[in-house]
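Please examine the model shown below before reading the briefing.

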Amino acid sequence: MKRAVLIALAVVVAAAGALVVLWPRAVEAQPQLAESAQLRFVLTPASTKSGSNTFDLRITDRAGNPAPGGDVTVEPAMPRMGHAIAPITARQLEPGHYQAADVGLFMAGQWEITVSLSAERVVIPLLLT
Ligand SMILES: [Cu+2]
């Protein structure tokens with residue numbers, strides 16, 4: 001009897017352990033990389049959920065040096081649904097490092113974020129849940 005209880009307990013502990021390992025986590029926001037002719041853009045969203053978001057942007061030349069200064073603009077759109085939100089000007093934190101705050105990605109689904117610096121631009125896909 002006691003042995004059976006111990007085995008049952010072991011099964012419960014193993015099942016709980018598997019749950020902890022296998023339980024789906026919220027998708028972590030991954031840095032998204034895209035390259036234009038001259039520059040390399042890395043966009044990291046604060047969240048992968050719909051709603052207000054903040055984008056961290058690292059922009060470098062092909063050699064990895066901070067991109068020359070200029071206006072960085074972020075234009076989110078859902079082309080397949082035919083809508084977009086007004087372009088947002090990112091704030092420069094340091095050379096090559098920008099932040100776009102209060103980006104109102106109001107619905108879940110596939111967004112495309114156009115990021116531009118002067119004549120250089122990339123389109124970065126962003127899937128929100
Ligand atoms: Cu939409």
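Ser118 is found in the loop between β9 and β10, where helices (H or I, at least four residues) and strands (E, at least two) are DSSP runs numbered from the N terminus. This is a predicted model, in which local features need pLDDT of at least 70, side-chain atom pairs count only at pLDDT 80 or more, and totals for chains, interfaces and linings use all residues. Residues are numbered from 1 along each chain as its sequence is written.

**Residues with positive phi**

- The phi of Ser118 is near 50 degrees, a positive value in a residue other than glycine.
- Most residues other than glycine have a negative phi.
- Ser118 counts as partly exposed because it has 14 C-beta neighbours inside 10 Å; a residue is buried if 20 or more other C-beta atoms lie within 10 Å of its own, exposed if 12 or fewer, and partly exposed in between, with C-beta atoms placed from the backbone.
- Asp102, which lies in strand β8, also is not a glycine and has a positive phi of about 55 degrees.
- Asp102 is exposed, because 8 other C-beta atoms lie within 10 Å.

**Overall composition and confidence**

- The mean pLDDT of the chain is 88, and 81% of its residues reach 70 or more; pLDDT is the predictor's confidence in each residue, from 0 to 100.
- Among the elements, helix α1 (residues 2-22) has the lowest mean pLDDT, 62, whereas β4 has the highest, 98.
- Of the 129 residues in the chain, 19% are buried.

**The open sheet**

- Five strands form an open sheet in the order β1-β2-β3-β8-β7, with antiparallel pairing; two strands pair if DSSP finds at least two bridges between them.
- β1 (32-35) and β7 stand at the edges with a single partner strand each, so one side of each has no neighbour in the sheet.
- On average, neighbouring strands of this sheet are turned by 25 degrees against each other, direction ignored; the axes are lines fitted to C-alpha atoms, for helices over the stretch in contact, and angles run from 0 to 180 degrees between N-to-C directions.
- Four bridges join β1 and β2, and Gln32 stands opposite Leu43 in β2.
- Seven bridges join strand β3 (residues 51-61) to strand β8 (residues 97-105), and Phe55 has Ala100 in β8 as its bridge partner.
- Strand β7 (residues 91-94) is joined to β8 by three bridges, and these two strands form a hairpin with two residues between them.
- In the turn of this hairpin, Gly96 has a positive phi of about 80 degrees.

**The nonpolar core**

- Which residues touch the most other members of the largest nonpolar core? They are Leu57, Ile59 and Val115, in a core of 20 residues.
- A nonpolar core is a set of buried Ala, Val, Leu, Ile, Met, Phe, Trp, Tyr and Cys residues joined through C-beta atoms within 7 Å.
- Leaving aside neighbours within four places in sequence, Leu57 is in contact with residues including Phe41, Val72 and Val115; two residues are in contact if their C-beta atoms, placed from the backbone, lie within 7 Å.

**Glu75 in strand β4**

- Glu75 lies in strand β4 and counts as partly exposed because it has 16 C-beta neighbours inside 10 Å.
- The C-alpha atoms of Glu75 and Ser116 are separated by 8.5 Å, although the residues are 41 apart along the chain.
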